[in-house]
Amino acid sequence: MSNKISKLPFKGTANQERELHEVIARMRNQQGALMPILQAAQGIYGYLPIEVQRIIAEDLDVPLEEVYGVATFYSQFTLNPKGENKISVCLGTACYVKGSGEIFARLQEKLGIGNGECTADGKFSLEACRCIGACGLAPVMTINDEVYGRLVPDDVDEILAKYQ
């Protein structure tokens, strides 16, 4: 998972921001409130852009660095938006030995994004994962809930076309 800052512009709504302020107001006096507030914020926005982290820091009166530190330390949090179609390529041992690295490279090339990133149009996000338990179908990738197995790099174009 990549925790680079997203290149996509932040598109939060006034309703989302109001909901976030309400969550913070409700939880701010609880011991260890930052974690559940970050979880709630990610639920509201789908990810934790710097703009959302700033709101949390200001409302809690804590340094932005503290909020960012927690957001980047725990793997459950992401600083990047997810695409309409979430692509995950298994880079576990069985898949990697059978060529999943080449599949991943082809997807990066075709989509113009890296690991943990989202395309500018918001259609696709890409991430590497470890074993998904489908080793008999290696190499494997998923798009949303659909599993694609026994892949070769030349399969990528046809599969992506289904989601265009």
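Helices here are DSSP runs of H or I with at least four residues, strands are runs of E with at least two, and both are numbered from the N terminus. The model on your screen is predicted, so local features are described only where pLDDT is at least 70 and side-chain atom pairs only at pLDDT 80 or more, while totals for chains, interfaces and linings use all residues. Residues are numbered from 1 along each chain as its sequence is written, and side-chain values use heavy atoms, with hydrogens and water left out.

Coloured by secondary structure, the chain shows seven helices and five strands, which run α-α-α-α-β-α-α-β-β-β-β-α from the N terminus on.

Next, select Q16, which sits in helix α1 (residues 14-27). Its side chain reaches the backbone nitrogen of T13 at 2.8 Å, and, leaving aside residues up to four places away in sequence, Q16 touches K11, I44 and Y45, where contact means heavy atoms within 4.5 Å.

Now select helix α2 (residues 34-45) together with helix α4 (residues 64-73), whose axes come within 11 Å and cross at roughly 70°; the axes are lines fitted to C-alpha atoms over the stretch in contact, and angles run from 0 to 180 degrees between N-to-C directions. The two helices α2 and α4 are therefore roughly perpendicular to each other, a term that covers angles of 65 to 115 degrees. L34, M35 and L38 of α2 make the contact with E66, V67, V70 and A71 of α4, and these residues divide into six nonpolar, no polar and one charged.

Move to the loop between α3 (50-60) and α4 and select D61, a residue other than glycine whose phi has a positive value, near 55°.

Then select A138 and P139, which are joined by a cis peptide bond with omega about -10°; P139 lies in the loop between β3 (124-129) and β4 (141-143).

Finally, show L8, P9, K11, Y47 and P81, which are the closest to the centre of the largest pocket among the 15 residues that line it. A pocket is an open set of points on a 1 Å grid, where a 1.4 Å probe fits, with protein on both sides within 12 Å along at least five of seven lines, and lining residues have an atom within 4 Å of a point. The lining of the largest pocket has eight nonpolar, four polar and three charged residues.

Terms used
Parallel < 35°, antiparallel > 145°, perpendicular 65-115°, else oblique. Nonpolar A, V, L, I, M, F, W, Y, C, P; charged D, E, K, R; others polar. Polar contact = N/O pair within 3.5 Å; in protein donor to acceptor, adjacent residues only side chain to side chain.
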